[in-house]
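Keep to what can be computed from the model.

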Amino acid sequence: MTFAPLTGPEREPSQFVGFAGNRIDRQSENRSEDSLVLALADPRTRIMLSRASRLYVKVGGSDPDAYFSLAEAKDMGADLEQAVLLGMSADGPVLVAPGSLEPEDLPEHIKAIDHRSIYTQGLLSDKTTGELAQGAALLTWHHTHRFCGRCGGRTEMRIGGYKRVCTQCNAEHFPRTDPVVIMLAVQGDRCLLGRSPHFGEGMYSSLAGFIEPGETIENAVRRETMEEAGIKLGRVAYHASQPWPFPHTLMIGCYGEAINGDINFDDKELEDCRWFPRDEVRSMLAGSHAQALRLPPQAAIAHHLIRFWAEAE
């Protein structure tokens, strides 16, 4: 007898979103106090360098390259004491370290490119952007957790960057991931899309919000949709997830079955929210909308949620 939840396609929807191509063996059960030292001693080690949410990228060759050897990283003043071991790839250890050079001080063949542009413009491979998501989230967490939340003492990095320990009270702190629901409410042949004031011109997207303590994914989907749009949801179904390193979030994509249709949106969160018929959404996907309305970039989980629904029969 076949178990129904495991009869879907072998390649689940989450594998098609941006930042999801990470293939590193994280070796989470094997991290030790000498993991970073051993990785830095490996001649195969490759290091990604990031400063102020900008990744250093070698340009001018056949393809942009985001990896540096140990010697190159040292020449560029990388803070290797604060490097984080992401794990092992087929080519050896992969690390991420804080860079020290401002964009204008970099060599001509190296550019500091902000993480969001790398993602939206598809400048690097899926594998590399997946590693970037892991590294960027960890660097941000280390930067914001230099002091203990229990006693205020200074903390130190341990086990290759996957733990910080307080130097005063010995409290242990571990990297965090913030769960966010992003949902597409549907009713018959239409879906609910909203527009935030900070969106680019003409862009509409699905609604989203943080999961609160003690809350299930499904109830967070229902609560956020009600709070932002005044729409009550019945059944909720999970579709896909996406690592989102802004700063260290996991986007959890769901569909919700709308019970009512009268929108009463929160104008502090949204500047517009309305129902879109399937045909209109398809024109937005095709870039042929009469008013030039558009959807999030193709690598965004919101785009995948909307496209999957719009192309369904």
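## Pocket, sheets and backbone

The lining of the largest pocket is made up of 18 nonpolar, 10 polar and seven charged residues. Here Ala, Val, Leu, Ile, Met, Phe, Trp, Tyr, Cys and Pro count as nonpolar, Asp, Glu, Lys and Arg as charged, and the others, Gly among them, as polar. The model is predicted: local features need pLDDT of at least 70, side-chain atom pairs count only at pLDDT 80 or more, and totals for chains, interfaces and linings use all residues. Residues are numbered from 1 along each chain as its sequence is written, and side-chain values use heavy atoms, with hydrogens and water left out.

The largest pocket has a volume of about 960 Å³. Of its 35 lining residues, the closest to the centre are Ile-182, His-198, Phe-199, Ala-208 and Met-251. A pocket is an open set of points on a 1 Å grid over the protein atoms alone, where a 1.4 Å probe fits, with protein on both sides within 12 Å along at least five of seven lines; lining residues have an atom within 4 Å of a point. The volume is the space filled by probe spheres set on the points, which are joined across faces, edges and corners. Elements that give two or more residues to this lining include helix H3 (115-121), helix H5 (217-229) and helix H7 (301-310). Strand S11 (207-210) is also among them, and S11 provides the largest share, four residues. Helices (H or I, at least four residues) and strands (E, at least two) are DSSP runs, numbered from the N terminus.

UniProt, in an unreviewed entry, places the feature "domain: Nudix hydrolase" at residues 175-299; such annotations may be inferred rather than shown by experiment. The span is 18% helix and 38% strand, and its end C-alpha atoms lie 25 Å apart.

An open sheet of five strands has the order S3-S4-S1-S2-S5 and mixed pairing. Its edge strands, S3 (84-89) and S5 (110-114), each pair on one side only. Neighbouring strands of this sheet are turned by 30° against each other on average, direction ignored. Helix H4 (residues 126-144) packs on the sheet, touching S1 (46-51), S2 (54-58), S3 and S4, and its direction makes about 155° with that of S3. Contact means heavy atoms within 4.5 Å; axes are lines fitted to C-alpha atoms, for helices over the stretch in contact, and angles run from 0 to 180 degrees between N-to-C directions.

A second open sheet has three strands in the order S6-S7-S8, with antiparallel pairing. Its edges are S6 (155-158) and S8 (172-173). H4 lies across S6, S7 and S8 as well, running at about 10° to S7.

| Strand pair | Bridges | Opposite residues |
|---|---|---|
| S6 and S7 | four bridges | Arg-158 and Lys-163 |
| S12 and S13 | nine bridges | Ser-241 and Ile-252 |

S12 and S13 form a hairpin with four residues between them. Pro-247 is found in the loop between S12 and S13, and the peptide bond from Phe-246 to Pro-247 is cis, with omega near 5°. Phe-19, in the segment before helix H1 (35-40), has a positive phi of about 70° although it is not a glycine. Most residues other than glycine have a negative phi, and most peptide bonds are trans.

Notes: Two strands pair if DSSP finds at least two bridges between them.
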